[in-house]
Amino acid sequence: MSTTQTEYLQDVADADYEHGWTTDIEADTADPGLTEDTVRMISAKKEEPEWLLEWRLKAFRYFKKIMEDSSQYPEWAHLKYVQPNLQEISYYSAPKRKARYDSLDEVDDELLETFERLGIPLQEQKQLAGVAVDAVMDSVSVATTFKEELKEAGVIFCSISEAARDYPELVRKYMGSVIPYTDNYFASLNSCVFSDGSFVYVPKGVRCPMELSTYFRINEQNTGQFERTLIIAEDDAYVSYLEGCTAPQRDESQLHAAVVELVAHDNAEIKYSTIQNWYPGSKEGEGGIYNFVTKRGLCKGDDSKISWTQLETGSSITWKYPSVILKGDRSVGEFYSVAFTKGHQQADTGTKMTHIGDDTKSTIISKGISGGRSNNSYRGLVRVNKNAKNARNFSQCDSMLLGDRCGAHTFPYIEIDNPTAQVEHEATTSKVGDDQLFYCHQRGLNEEEAIKMIVNGFCKEILAKLPMEFAVEARELLAIELEGSVG
Amino acid sequence: MGARAMPQRPRASPLPFLMQRFQQTSHEYFYTPMALLEVNNLHASVEDTDILNGVDLTIDGGQVHAIMGPNGSGKSTLASVLAGREEYEVSEGTVHYQGEDLLELEPDERALEGIFLAFQYPVELPGVSMMNFLKQAINSKREHLGEEEIKAADFMKLMRERAELVNLDPKLMRRSVNEGFSGGEKKRNEIFQLAMLEPKLAILDETDSGLDIDALRVVADGVNKLRAEDRGFLIITHYQRLLDYIVPDVVHVMVDGKIVKTGGKDLAIELEEKGYDWIRGEAVPA
């Protein structure tokens, strides 16, 4: 590796997190610790119906046993970190002024400014055609726009706590139906203490008229964030949803354990895109978000389709496997991922495709880019059940190394119980070549321009899968990450 | 953010240089105009193996120089050293380009100052479209010269024009750089980029290798159209046949990292007839 390249990558690795500050808003924060009382308190604060409290408590009784038995903690991922102490975390935090707003005018100016600094000008977003924003700051939804237009189409888009009050039948029916509270350690934890998140319901035959988008931001010191999102598309419905995250800088590690459940009925399609840019920790590898996410979609109906697209650039630890259960005949599951790690970041991410129905199809394309001293792993399972006839899968996992102190790993698992299945797996690992760099330099491109161009080329097919408006943002984020420019 | 510490250097304007030179030795200035490229006693090695052992070479604007020589004589190394490839260590000698110390410049700075290398083995850049790549290259150069970015329409027009020059299918512009290009397309693509970037010194490193006679003619044709008063060419080739189509002003023969013979275009023909052993025999001192 050339000196200039090393220097450049060093600069990238040393770059400060762009979105590092804490907004000074009075907050209502629970004392640290996880007990039955904590669960009751969260439920009460959110004015939840009785059945939801019962659901949380059932989850808690189950989780309590796991929490107290250290052998239950999942340690199979290729990650090194200190297991978070759940008793030191505060499980509830809400901006104090007012929990719900009818219009932006009622929103605290300082809060709005935070969003502005994050590049989410809500005021402007209202005018921006086709984007509705349900902004979550810490645990309570503060603003929702475009409600009227969605309402006209019959689409429900609100916070999950709101949904539990206003649409209890739907929430009761679907919550935990794809990811039960017994699913895994972090999903169980989330089920007890989930703070807030989005709820989307697209009725039969409706094509959601706009991209739905939510921005999450952790704000209170030492507050775990446990979003829970539920999206349901009825027969012949279509919805595209994007979540984007940033978080302010802090010293102590923060646990983030989200759950996202998707349900697609006959001939429905759900497209779920993520841009994840949580605080990745200092250059010494201290702090940063621990991101343990359970995301799963159920292609419940025939001819249904679920696509996950993700650009993962943040968090100190990423543990995340957006998956699809292909239950309906001819259903389709897709996973497109770019994971970029630098500094001391560690990512263990991938997907699970479970083929149950006949003639189901899944596609997995994963691009990992590692720089600095980071470690980037792809972990994926393709499972074809005994009765799933003619299942097809194509997997491609490409890794790119920027430098020689980082790691790229691929852990593909394939379990086939039906002989008619066709499964393909391709994997490549490449280093940004000195030859490629020299070629670019010889055409007048400097180190930064050259690396940006090569990395963007590497991820191009994934970024192209993001909704138009966000593809630009994604490229920009990737460019910023590569530049390491200080905001 | 600066990608690296880069010495702040005034942009290469010939004027201060000329004035300085005029003040120092005005007499000399009038009689020996500045060469485009001046290589003096250049020694270079890779991984402790000496490859160049004292190369002397002077190219003036408007001239086409050819360097011929047997395999392993150091021809391509010279091209790489001039373009600034990092693996090569220069241990002795000087290179002046437009009067400036070329060896002080980073590879990208050399390119911005007008040095272009047509690669012997063009590199593939997966996912990077030819169009983006060239646009960035042109705009980097324009920025360096203090010019505005090229307008999209002008860029497209220029691209179509120059692609025609080397008979390159414009559809290739939508593909990734060199990815899935045939051997001939890759070589023509190099000359196309040369045409797009309009360098002052173009170095062609065995551009003829692997080309059939028709492709060779197309490439040579393109180069001939690009010959200009203010542009120098250094053509590195193993065979004489390219020089049938691109007629050089000066032919050098390189053996064991040194230029051992220099002559006119006839030298190439003589060499083709007699082979490199003839030169070797002549070059070895008695």
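1. Polar contacts across the interface: between chain B and chain A, 13 residue pairs are in polar contact, both residues at pLDDT 80 or more. A polar contact is a pair of N or O atoms within 3.5 Å; within protein, one must be able to donate a hydrogen and the other to accept it, and residues adjacent in sequence count only if both atoms are side-chain atoms. On chain B, the side that touches chain A draws at least two residues from each of α3 (107-112), β6 (115-118), β7 (125-129), α4 (130-144) and α6 (183-197). Helices (H or I, at least four residues) and strands (E, at least two) are DSSP runs, numbered from the N terminus.

2. Keep in mind that this is a predicted model, where local features need pLDDT of at least 70, side-chain atom pairs count only at pLDDT 80 or more, and totals for chains, interfaces and linings use all residues. Residues are numbered from 1 along each chain as its sequence is written, chains are lettered from A and ligands numbered from 1 in the order in which they are written, and side-chain values use heavy atoms, with hydrogens and water left out.

3. Two salt bridges (a side-chain nitrogen of Lys or Arg within 4 Å of a carboxyl oxygen of Asp or Glu) are counted between chain B and chain A. Glu190(B) and Arg443(A) pair up in a salt bridge through their side chains, at 2.6 Å, N to O.

4. On confidence, chain A has an average pLDDT (the predictor's confidence in each residue, from 0 to 100) of 80, and 78% of its residues score at least 70. In chain A, helix α5 (residues 122-127) is lowest, at a mean of 41, and strand β16 (residues 323-326) is highest, at 98.
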